[in-house]
Amino acid sequence: MGEDENILEELDDIQKNGLEALASVQDEAGLQAWRTAHLGRSAPVMLAFTRLGQISKEMRPMVGQKANQVKLALEAALKTRAEAVKTASLRQKLDTERLDVTLPGRRPTMGRLHPAAQALSEIIHIFEEMGFQEYRSPEVETDELNFELLNIPAYHPARDMWDTFHTTVPGTILRTHTSPGQIRAMREMCPKPIRVILPGMVYRYEQTNASHEMQFNQVELLAVGKNITLGDLKGTIEGFAQRMFGEAVRVRMRPSYFPFTEPSADIVMECFVCGSKGCPVCKYSGWLEIAGCGMLHPVVLRNGGYDPAVYSGFAAGLGPERIALLKYQVDDIRNFWQNDIRFLEQF
Amino acid sequence: MKVPLSWLKEYVDIDLSLIELADVLTMAGLEVEDVLLVGLPNPYEQTGAPQRREVSIHGLSWDPEKIVVAQIDEVMPHPNADRLVLCRLNDGTSELVVLTGAPNLFEYKGIGLLAKPLKVAYAREGARLYDGHQPGQVLTTLKRTKIRGVDSFSMVCSEKELGISEEHEGIIILDDDAPTGRPLVEYMGDAVLEVNILPNMSRNASMMGIAREVAALTRKPLRKPQANLPANGPSIAGKARIQITDPQLNARFVLGMLDGAEQRPSPYRVQLRLRLAGMRPINAVVDATNYVMLEIGQPLHAFDYDVLVKRASGQAPTIITRAAHPGEKLTTLDGVERKLDDFTVLVCDTAGALSLAGVMGGQESEITPATRNILLEGATWNFVNTRRTTSSQKLSSEAGYRFSRGVHPALSSEGVKLCLQRMAEWSGGVIYSDLVDEYPLPAADPEAEISTGDVKRLLGIELTAAEIAALLSRLEFACRVEGNSVFAKTPPHRQDIGTGVIGRADLAEEVARIYGYDRIPATYMAEELPEARIRRPIQVEKLVRQSLARLGLQEVINYRLTAPEREARLTAAQPEAVQPAYITLKNPLSPERSVMRRSLLAAVLDTLEKNARLRDRLALFEVGPVFLPLEGQALPDEAPRLAMAMTGQRRTPAWDSPDSAQLDFYDLKGVVEGLLESLHVGNAQYSPTDNPAFHPGKSAQVTVNGSVLGVFGELHPQAKARYDFLAPAVVAAEFDLAALVDASANRYEILPVPVFPPVLEDLALIVDESVLAADVEAAIRQGGGKLLTGVRLFDIFRGDQIGAGKKSLAYALSYQAADHTLSPGEANQIRLRILRRVEQLVGAQLRS
Ligand SMILES: [Zn+2]
């Protein structure tokens, strides 16, 4: 009977020895050798099974169960150890594969839109959301559309406001503002209500310097209907400024003069750079000019085909490059058409 | 316009601070651009210099403790310096000796105690002043020093030192009534507001004009200067006559007279005001005309009466106003002989022209030191003619500025009377008791109407008729309320109010201005939105620009103005070529920018050239119009174009892949294909082109259904040589955007994602070298039919194995059916059909 007792103890030792040996295994080869030695055909636990026949009938199930437990325990330990060895060796491998992550990346070639175009499309997009639709008109214009029909007769003092490029064709000029598009749009759409945005290049006979260009974009708003008020004009520009520069931005409207609008106004908004505390961008005034605007002059409405006794409307002009200058604090407007790649790539 | 605050206060009480005053004016459309302090304290510095300054304020503040009115009792010679004098001076607290080199004191040197002490501006030790000896305005603090052995610690000041003007020749000699010992800032400290006068507000180009606005805006009474002729003076009857040839040119002409003027300087306070307002004092007579012009806005002209009598051979002169005769000339008082235009209006007498009406006087009849008797003109001139004259004669004057914007005729007589009164006060003399006044074209001073409904409809505010009338009355409109309407008669100093619908808009603006733009609520249009109009060209243009940016090209925007020579660099020399027609400027700023461009590609290439040395790889595009003149039409065709240009390396080099492959035709073609794909342009054909700008063998034109979309390829070597490019090749493209718009598909079919797997197969086909790839692919597609769903050229091989003059094109093909998996037999049939067709059409053999 002593033999039977002994084999139980022996199995405990087998398990103990096996686990001890496993603890020092460090690699795949060691795992292989250990498997052969401790779970292979002639491993002690396996031999224990072959000895079952020699065990008494009463003890046999108990010993068999014990041998099975030992085998399962060794197998489970092997599995855990194998995982650990695998993880360790992967870690070792990864340690040798370190990149210098500070080296520069390989860049796909990237294109961009011109900063003036970006500013223009941002502005157009905002007004489109507010229900204005884009309308285009020619850059080479007649004096009649650029001036006469906009209530600016020849020799009117207001003509001083626009230095004009004349062409060799009499009566043909480069438009000084997008406003001739007002007349074109009105004549096309009369008598329907209008809500359009007129973007495009305009020209001034002016020596260029850091703040003046002979060519620049303008965006003009035109709304015509039966009940459009100066308050609507203020609200529209305020809505634009808040979408463009932030919800909290306040605008202020003050009287100005344009021959094609009456009443006329300039709209200034709180300086977004300094939060209107005063900074070089706003010249310490706390305000930035964003739009010249006004209610359509009766003569202009009439020239567009609308009866000023029934219809009213407003027009407002904004300068996208000037807005971009403010927004990005670029100090020289000439950057826009110089097209230096070192400038363009920053937007 | 420069507005000295002290002058303004003569006509209206102002209890606002400088900052508030500037804001009130600015918010009424009279923008205060800047304030120059001439003595007064700086309000920002008083309140602890906040960062934010609504108004730009600069200039010099005079310390009341250190700069005072003093009197010089005696001017003594300096013991060892001829060009210096010692002044015995009383500053109100003590008597002291002050050293100065002011030449205008030399006449008093050594004559003993002065009968009438000289009043001067005196600065004590520690006073902050501008340095009189340095150019510009350099601040300095007065320190104790020794000059030629005499202690000097204070000084008598020049205008330059006090920031009044650039004058540093002599010291200021104040009027006799200046109170000795009084701080100078209290006596004459001032601030000059620079007010921007809008073209429709020329009525405000005077002190009265601004004062009238301040009075209306702050609800204060306006004090108008009263001008009356003496009841008992001599009569002008028979002394002068007026003959107006055309009332349209000269609505009113008024003459007044003064005998026995003395030629002397004006009082210092008058000179000071003129200087602060930007004019130079001359003498009391001329100063009076300028002063009254600045005061009420009526320019005036003084003639030497005796010269006119002489010209009339001893008779009473007749003043004639008329347009200039052809070829007529006049020498103006600036000494320039001027050739006159037929629109120039002249003031003449029977002997000929005297002055350019409303612009500048003539030399002969001007005021001289010998002048005693004055004939004074106050007139109204047609603003268009005045404007044309000032621009054609390139003559700008204060008078011309006002007349070219319009002066109300009511001011003519008021101006003459006021001026005679000022003249008599400052230069002495006797004023005649009446005027000669010709007024053939009286001002209309129209009555305009505005209703409560108009105010609501145009401004968006609810006002009663009485409230509207009250607002307009503050601007001196004579108002009458009838029901909901206000009838407002224009006051006789402004000419900017019309009648009917125009008058209504004019009044709406005045109501808004006085009510306050700030108080108008911001609202959003309640009207229904107009119908949407889809403008396809705008949408496609946007898509083109976005696609090209995605394809790796940088957008540029160039000047539309260029020179024909710049564009000529692009097309190879064509000696026979007819110069293309350009939109040409009559007044270019430079020859480099004298015409509107005809070629967008030329502009993009200019930009590419400018940047070529800055980057290893450059790919640029621009979208915009070119300007093509149309025979017999005023306006050109503004044809929208797209241009692209690329040069340098295919990829931006990286540190481990210094890729040196250069961008070539196929890189650009890839961009073109990518663009057409994103526009869903189907069926593009590529064929050789003979465009002279491009390499004949490395360029193509793109057509869709027979219409040409554009050309692209490598720049012709001769064209490239006209630019400064280092890279071996430049590839470029120019497309017609309108054609692209037409070819792009607004709607397109989306195929379902296939459910059944494709059969993949590679085919290498041997063809003659001359066979075009497009033809091979077309033949494959024909043979493959609908089940052939993919054709991709993946290799081209040339070599001995396939024979000289041959090439092998290898294609990866996929066959696929929508409803089942193709069997090997079906795939084989497709393959055989393809092989048959390519043999028939392009003579291709299967490479085995
Ligand atoms: Zn700021």
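**Notes on the structure**

1. The residues that donate to the zinc ion follow the spacing C-x2-C-x4-C-x2-C in sequence. They are A:Cys271, A:Cys274, A:Cys279 and A:Cys282, each coordinating the zinc ion through its SG atom, at 2.2 to 2.3 Å. The model is a predicted one, and these distances are computed from it.

2. What is the arrangement of the four donor atoms around the zinc ion? The angles that they subtend run from 102 to 112 degrees, and the arrangement is therefore tetrahedral, since every angle falls between 85 and 135 degrees.

3. A:Cys279 has a relative accessibility of 8% and counts as buried. A:Cys274, with a relative accessible area of 14%, is buried because this value is under 20%.

4. Chain A contains an open sheet of seven strands with mixed pairing, in the order S1-S4-S5-S9-S8-S7-S6. Its edges are formed by strand S1 (133–134) and strand S6 (251–258), each of which pairs on one side only. Within this sheet, strand S4 (residues 194–203) and strand S5 (residues 215–225) of chain A are antiparallel and share ten bridges. One of the residue pairs links A:Ile194 with A:Val224 in S5(A).

5. Two helices of chain A lie across strands of this sheet. Helix H10 (residues 320–328) lies across S5, strand S8 (287–296) and S9, and its direction makes about 115 degrees with S5(A).

6. Chain B has 23 helices and 42 strands. Its radius of gyration is 42 Å, well over the 29 Å given by the globule rule for 848 residues, so the chain is more spread out than a compact globule. Along the principal axes, its C-alpha atoms fill a box of roughly 130 × 75 × 60 Å.

7. Of its 848 residues, 53% count as buried. Of the contacts between residues at least 6 apart in sequence, 68% join residues at least 24 apart.

8. Strand S18 (residues 318–323) of chain B is mostly covered, with five of its six residues buried. S18(B) pairs in the parallel sense with strand S15 (residues 241–244) of chain B over four bridges, and B:Ile242 has B:Ile319 as its bridge partner. S18(B) is also joined by four bridges to strand S21 (residues 345–349) of chain B, in the antiparallel sense; there B:Thr321 stands opposite B:Val347.

9. Chain B also holds an open, antiparallel sheet of three strands in the order S27-S29-S28. Strand S27 (447–451) and strand S28 (478–482) are its edge strands. On average, neighbouring strands of this sheet are turned by 20 degrees against each other, direction ignored.

10. Helix H14 (residues 465–473) of chain B lies across S27, S28 and S29, at about 15 degrees to S29(B). Helix H15 (residues 500–515) of chain B also packs on the sheet, where it touches S27 and S29 and makes about 70 degrees with the direction of S27(B).

Methods: Residues are numbered from 1 along each chain as its sequence is written. Chains are lettered from A and ligands numbered from 1 in the order in which they are written. This is a predicted model: local features need pLDDT of at least 70, side-chain atom pairs count only at pLDDT 80 or more; totals for chains, interfaces and linings use all residues. Side-chain values use heavy atoms; hydrogens and water are left out. Two strands pair if DSSP finds at least two bridges between them. Contact means heavy atoms within 4.5 Å. Axes are lines fitted to C-alpha atoms, for helices over the stretch in contact, and angles run from 0 to 180 degrees between N-to-C directions. Donors are N, O and S atoms within 2.8 Å of the metal (3.2 Å for Na, K and Ca); water is not among the atoms, so sites may look incomplete. Four donors count as tetrahedral if all angles lie between 85 and 135 degrees; four count as square planar and six as octahedral if opposite donors are over 155 degrees apart and all others between 65 and 115; anything else is irregular. Buried means under 20% relative accessible area, exposed over 50%, partly exposed in between (1.4 Å probe, protein chains only). The radius of gyration is taken over C-alpha atoms; the globule rule is 2.2 Å times the number of residues to the power 0.38.
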